[in-house]
Amino acid sequence: MKILMVSIPSLHFFRWTSQLENSGHEVYWFDITGMNEKSQRLNWVSQKVGWKLKWNYPGRSFIKKSLPKVYHFLQSFNEHKTALVFEQYLNEIKPDVVHSFALYLSCTPIISVMEKHSNQKWIYSSWGSDLFYFQNDPKYLKDIKRVLPRIDYLFTDCTRDYEIAKKHGFSKDFLGVFPGGGGFDLAEMQKYKLPKNERNIILIKGFQGRSGRAISVLKSIELLKKELSDYTIVVFGADNDTLQYVNKSLLKAWSNFQIIGKMTHQEVIELMGQSVIYIGNSNSDGIPNTLLEAICMEVFPIQSNPGGATAEIINHGVNGMLIENCEDIFEIKNTIKLGLETLVKNTVDYSNSELIKSLDFYHIRKTIIHTYNNLNE
């Protein structure tokens, strides 16, 4: 079967697609950004990349950075139309199925083409905030209600989003709930796990941005100085908003506090292997891949629960803790404190052994390949 993937170049997309290597399917990738070179991670995939610019003129990067309004004007003449290029590639490949990852990034730009080619089978993978957050914006909701009735097959990363998709027009075949990036290489991750009695880090995801709420966690941490004195607190992936907050806060003077900006994926996994608690907080997400990675690394998870998604895998007080109000620093403080107490008293089994087995790359890969195989039946 010919499968045409439509996506931005992202770690989650690369991971998902890698499940199909040596599966017997012909896999193609249309880079929806049109601005990248071929990916060596997918060197077995036929790739349509670098198609966006008509002319990569000298000084383009400088103008883009220094004169954004001028750049935007020039690009209105200098860029190929996404829908036109995609349709040409679609007609060239003649795939059995098109698979788009994320609605606004990879469905909306090609919806006119897919409506025109109404018999072309189309899969949509919903990621993170794709439906839950953007359904509240009338402009985006209009796109959601246009795309979903045209979709033939749906993957989601949580059951919540399947229900949202049905509410807004999806009525065909649901292919199941899977991590956005497919499974995880548990054998590779095992190398970085310290024994639990040697772990001393409380690891906090440092993203604020549109949906992250790291600052609420940091405010709650400030109220727990005594309780956290025996731990090393590490904030990773901190963005500018989070860095600016810390620079003005009491945390900056704590001897057991560290904050780190961008990190490689392997560096994050290594940190998780030294951590006893992982904290992630946002106002919108599906099942975060970082949360799943922390669980695979046998870290006790404390995670926000937007729309009830996280509660699909975390039973509060049993195999982790849920933050119901991502803005409430006192709720977050009490949740962290309770988490610490349960760990010290050893009153919970947070090994998540059965959940971890279900997240194994090779376990999920078999199911995914079987799912693709059955699309033509």
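Predicted model: local features only at pLDDT ≥ 70, side-chain atom pairs only at ≥ 80, totals over all residues.
Let me begin with a definition: a crossover is called right-handed if, with the strands pointing away from the viewer, the path from the first strand over the helix to the second runs clockwise. In the structure above us, β11, helix α13 (residues 289-296) and β12 make a β-α-β unit that is right-handed in this sense.

Residues are numbered from 1 along each chain as its sequence is written, and side-chain values use heavy atoms, with hydrogens and water left out.

Let me stay with β12 for a moment. Strand β11 (residues 275-280) pairs with β12 in the parallel sense over 4 bridges, and two strands count as a pair if DSSP finds at least two bridges between them. Within that pairing, I279 has I302 of β12 as its bridge partner. Strand β13 (residues 321-323) is also joined to β12 in the parallel sense, here over 3 bridges, and I302 stands opposite M321 of β13. How many of the residues of β12 (residues 300-304) are buried? The count is 5 of its 5 residues, where buried means under 20% relative accessible area, exposed means over 50%, and partly exposed lies in between, with a 1.4 Å probe and protein chains only. F300, I302 and S304 point one way from the strand, whereas P301 and Q303 point the other way. In a regular strand the side chains alternate between the two faces of the sheet.

Now to another sheet, which is open and has 7 strands in the order β3-β2-β1-β4-β5-β6-β7, with parallel pairing. Its edge strands are β3 (46-48) and β7 (173-177), each of which pairs on one side only. Neighbouring strands here are turned by 20° against each other on average, direction ignored; the axes behind such angles are lines fitted to C-alpha atoms, for helices over the stretch in contact, and the angles run from 0 to 180 degrees between N-to-C directions.

In this sheet I would like to look at β4. Strand β1 (residues 2-7) and β4 (residues 97-101) pair in parallel over 4 bridges, with M5 opposite H99 and V6 partnered by S100. Strand β5 (residues 121-125) is joined to β4 by 5 bridges and runs parallel to it, and V97 has K121 as its bridge partner in β5. Because 5 of the 5 residues of β4 are buried, this strand is largely enclosed by the rest of the structure. Both of its faces are covered, with V97, H99 and F101 on one side and V98 and S100 on the other.

Helix α4 (residues 82-93) lies across β1, β2 (26-31), β3 and β4, and it runs at about 165° to β2. Apart from neighbours within four places in sequence, F30 is in contact (heavy atoms within 4.5 Å) with residues including L4, V6, W51, F86 and Y89. In soluble globular proteins, nonpolar side chains tend to be buried together.

I will finish with two loop residues. The side chain of Q19 reaches the backbone oxygen of W16 at 3.1 Å, and, leaving aside neighbours within four places in sequence, Q19 touches residues including G182, F361 and I369.

K172, by contrast, sits in the loop between α8 (159-167) and β7 and is partly exposed, with a relative accessible area of 41%. Its side chain makes a polar contact with the side chain of D152 at 3.3 Å, a polar contact being a pair of N or O atoms within 3.5 Å, where within protein one must be able to donate a hydrogen and the other to accept it, and residues adjacent in sequence count only if both atoms are side-chain atoms. Not counting residues up to four places away in sequence, K172 touches P149, R150, I151 and D152.
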